[in-house]
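Let's take a walk through this model together.

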Amino acid sequence: MNKENPEEIAAKKIVERVLGIQLEHADKTGGVDYRSEDRRVALEVTRVTDEEKRDTRRTFEKSATEGSEASLQNCWTVTISEVLRPAKDIVQRVQPLVAELESAGLTSFNEQDAMEHVDDNGEFSHIYRELLKAGVAEAHSLEERPDGPEHAHCVRISPWGGGPVSGSNSSLVELINELNKPTRKDNIKKLRCSGAKERHLFVWLDDDTAGSISRPLSHEAPSGADESWGDPYCQAAAGSRHYPLMDNARTLRTWLAMGRREMVDALQTTGRVCAE
């Protein structure tokens, strides 16, 4: 018998409050995750994760735990691609180079400026060249609080990436394309075979979701003045009958692309729902 997991239970509670219905666990031997008692509503719950991004993050975290013997005067934030390869030992490779920046009296690094500096064979080319090889996009020394606790200074890796984003609507299109990939069509198939009149797909977004999907959809619902990050609209999903109900697992900010506002009371946050 298939058991409910915490993500499914959390999604079920959100949808119950938004739609004002009661759902029962239905995926005991296969099929959709939840159904309403009258069988009119079916709910399937899934998560969209970029495996390459997840693997890189885990590798960065492992490297940060192991630390570096290179001594720093201040902590630094270092921005590196979320899909950098090789990602192994990134802190051990970068922190000694950051220490060289400090010794040279520098407090920041920028990829574009560094490439021009190296092309001109500038004074710091020997440091910049190695930072560029390591995949560093930016690095900044962090200002220390005078009253802050004593601690060992280190580099803090900040992943970036996700590809270009033109707006929340394009992110909705990309999300639906992801859900329609052959490896992910099981959710759609279950909903289609459920025979329910209303079919909902709840999609969890997390820190490992591609930035081109998660960035626009993790913002609070816009006022309407911001055209670039406006509401995603369901016409973007033309041809798809299963519009996703999306939520960020960390912030519980939820989007509802049909303009319904019940989620405000349900989650005490800003949001919208996208339903068939």
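First, some ground rules. This is a predicted model, in which local features need a pLDDT of at least 70 and side-chain atom pairs count only at pLDDT 80 or more, while totals for chains, interfaces and linings use all residues. Residues are numbered from 1 along each chain as its sequence is written, and side-chain values use heavy atoms, with hydrogens and water left out.

How much can you trust it? The pLDDT (the predictor's confidence in each residue, from 0 to 100) averages 77 over the protein chain, and 73% of the residues score at least 70. Confidence is highest in helix α4 (residues 111-119), at a mean of 96, and lowest in strand β11 (residues 271-273), at 33. Two stretches to handle with care are residues 220-226, where the pLDDT is below 50 and the model has 13 contacts beyond near neighbours in sequence, and residues 234-245, also below 50, with 37 such contacts. Contact here means heavy atoms within 4.5 Å.

Now the overall picture. The protein chain has nine helices and eleven strands; these are DSSP runs numbered from the N terminus, with H or I over at least four residues for helices and E over at least two for strands. Of its 276 residues, 44% count as buried, where buried means under 20% relative accessible area, exposed over 50% and partly exposed in between, using a 1.4 Å probe and protein chains only. Among contacts between residues at least 6 apart in sequence, 70% join residues at least 24 apart.

Turn next to the sheet. It is an open sheet of four strands in the order β5-β6-β4-β7, with mixed pairing. Its edge strands are β5 (108-110) and β7 (155-160), each of which pairs on one side only; two strands pair if DSSP finds at least two bridges between them. Neighbouring strands are turned by 20° against each other on average, direction ignored. β4 and β7 run in the parallel sense over six bridges, and S81 has W160 in β7 as its bridge partner. Helix α4 lies across β5 and β6, running at about 80° to β5. For such angles, axes are lines fitted to C-alpha atoms, for helices over the stretch in contact, and the angles run from 0 to 180 degrees between N-to-C directions.

Which residues touch the most other members of the largest nonpolar core? They are V78, V94 and V136, in a core of 26 residues. A nonpolar core is a set of buried Ala, Val, Leu, Ile, Met, Phe, Trp, Tyr and Cys residues joined through side-chain atoms within 4.5 Å. The elements giving two or more residues to this core are β4 (76-81), α3 (90-103), α4, α5 (125-133) and β6 (136-141), and α3 supplies the largest share, seven residues. Click on V94 and, leaving out residues up to four places away in sequence, you'll find it touching V78, I80, L131, A134 and V136.

L131 also belongs to the buried residues of α5, along with S125, I127 and Y128. These four cover an arc of only 160° around the axis, so they sit on the same side of α5; the arc is that of the directions from the helix axis to the C-beta atoms. The buried residues of α5 pack against α3, β5, α4 and β6. After α5 comes G135, with a positive phi near 90°.

N187, I188, L191 and S194 are buried in α7, and because their arc is only 125° around the axis, they share the same side of the helix. The face turned away from that buried side carries the exposed residues K189, R192 and C193. Following α7 is G195, whose phi is positive, near 75°.

T56, in helix α2 (residues 51-66), is buried at a relative accessible area of 1%. Beyond its neighbours within four places in sequence, T56 is in contact with S81, E82, V83, L84, R85 and A87. E144, by contrast, lies in the loop between β6 and β7 and counts as partly exposed because its relative accessibility is 27%. Not counting residues up to four places away in sequence, E144 touches N74, C75, H151 and H153.
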